[in-house]
Amino acid sequence: RQSADSYVLPEIYENIIAQTDEKTHELLSFGKPVKKSLFLIDNGWSFVNHGAFGATLAPILKESNLWRQYCEIQPLRFFDRELFPLISYSIREMANYLKCPPSELYPLPNVTAGLNSVAQSFSLSLNR
C-alpha cells in the first residue's frame, strides 16, 4: 500500500484540472442564475425535475469530455497505467473529505447501482 505522501498523480490530472477549474462552488445558488450558469438546459423550458433525466453541470460535462478525449488518444496507457492510480486518488480524497478510512468507500457507477447493492443485501421472504 502506497502512503498518501508518496503518491504522485499522473501529469494529465493537473493538465485537465487547469483547463476546467471554473470555481463552480462559488457559483452555487438556486433558481434561474444557477440554471443559466451551470446547466446546458434550454432556458426556454422549465423542468420541474430535470435531475431525473441526467442533466449534467456544464463544468462537469466539460471535464468528462476532456477525460474521454485523453483516454481515446492512448487507451492502453490510460487503462493500463493511469486509471487505477486516479481511482485510488479519488477514493483517498473523498475519504479525507468524509473523514472516514478509504477502505470504507467503494466507487460505483451511479446511485441506482448503490441502492440496488443495498437492497440486494437484505434477505426478504414472503411469510404468509
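In which helix is glutamate 82 found? Select this residue: glutamate 82 belongs to helix α4. The model is a predicted one, and α4 is the element with the highest mean pLDDT, 91. Glutamate 82 has a relative accessibility of 12%, and because buried means under 20%, glutamate 82 counts as buried. Now display its surroundings. Apart from neighbours within four places in sequence, glutamate 82 is in contact with Pro10, Ile12, Tyr70 and Arg77.

**The whole chain**

The protein chain contains five helices and zero strands, so the pattern along the sequence reads α-α-α-α-α. Of its 128 residues, 21% count as buried. The accessible surface amounts to about 10,700 Å², and carbon and sulfur atoms account for 58% of that area. Among contacts with a separation of 6 or more, 41% join residues 24 or more positions apart.

Colour the chain by pLDDT. The mean for the protein chain is 81, and 83% of the residues reach 70 or more. Among the elements, α2 has the lowest mean, 74. Where pLDDT is low, the predicted coordinates should not be read in detail.

**Helix α3**

Select residues 58-73, which form helix α3. How many residues does this helix have, and what span should they give? Helix α3 has 16 residues, which at 1.5 Å a residue should span 22 Å; the C-alpha atoms at its ends are 23 Å apart, in agreement with that expectation.

Within α3, highlight Pro59, Leu66, Trp67, Tyr70 and Cys71, the buried residues of this helix. Turn the view to look down the axis of α3: the buried residues fall within an arc of 135°, so they line one face of the helix. An α-helix has 3.6 residues a turn, so residues three or four places apart point the same way. The face turned away from the buried side of α3 carries the exposed residues Gln69 and Glu72.

**The aromatic rings**

Display the side chains of Phe, Tyr and Trp. The count of aromatic pairs comes to five. One of them joins tyrosine 13 and tyrosine 89, which are arranged edge-to-face, with 5.3 Å from centre to centre and 70° between the planes. Tyrosine 13 lies in helix α1 and tyrosine 89 in helix α4, so this pair ties together parts that are 76 residues apart in sequence. Both tyrosines are buried.

**The last stop: a loop**

Finally, select lysine 99, in the loop between α4 and α5 (111-120). Lysine 99 has a positive phi of about 60°, although it is not a glycine. Is this residue buried or exposed? Lysine 99 has a relative accessible area of 75%, and because exposed means over 50%, lysine 99 counts as exposed.

Methods. Residues are numbered from 1 along each chain as its sequence is written. This is a predicted model: local features need pLDDT of at least 70, side-chain atom pairs count only at pLDDT 80 or more; totals for chains, interfaces and linings use all residues. Side-chain values use heavy atoms; hydrogens and water are left out. Helices (H or I, at least four residues) and strands (E, at least two) are DSSP runs, numbered from the N terminus. Buried means under 20% relative accessible area, exposed over 50%, partly exposed in between (1.4 Å probe, protein chains only). Contact means heavy atoms within 4.5 Å. Accessible areas come from the Shrake-Rupley method with a 1.4 Å probe; for residues, only the protein chains shown count as cover. The expected span of a helix is 1.5 Å times one less than its number of residues. The arc is that of the directions from the helix axis to the C-beta atoms. pLDDT is the predictor's confidence in each residue, from 0 to 100. Rings of Phe, Tyr and Trp (its six-membered ring) pair if their centres lie within 6.5 Å; planes under 30 degrees apart count as stacked, over 60 as edge-to-face and the rest as tilted.
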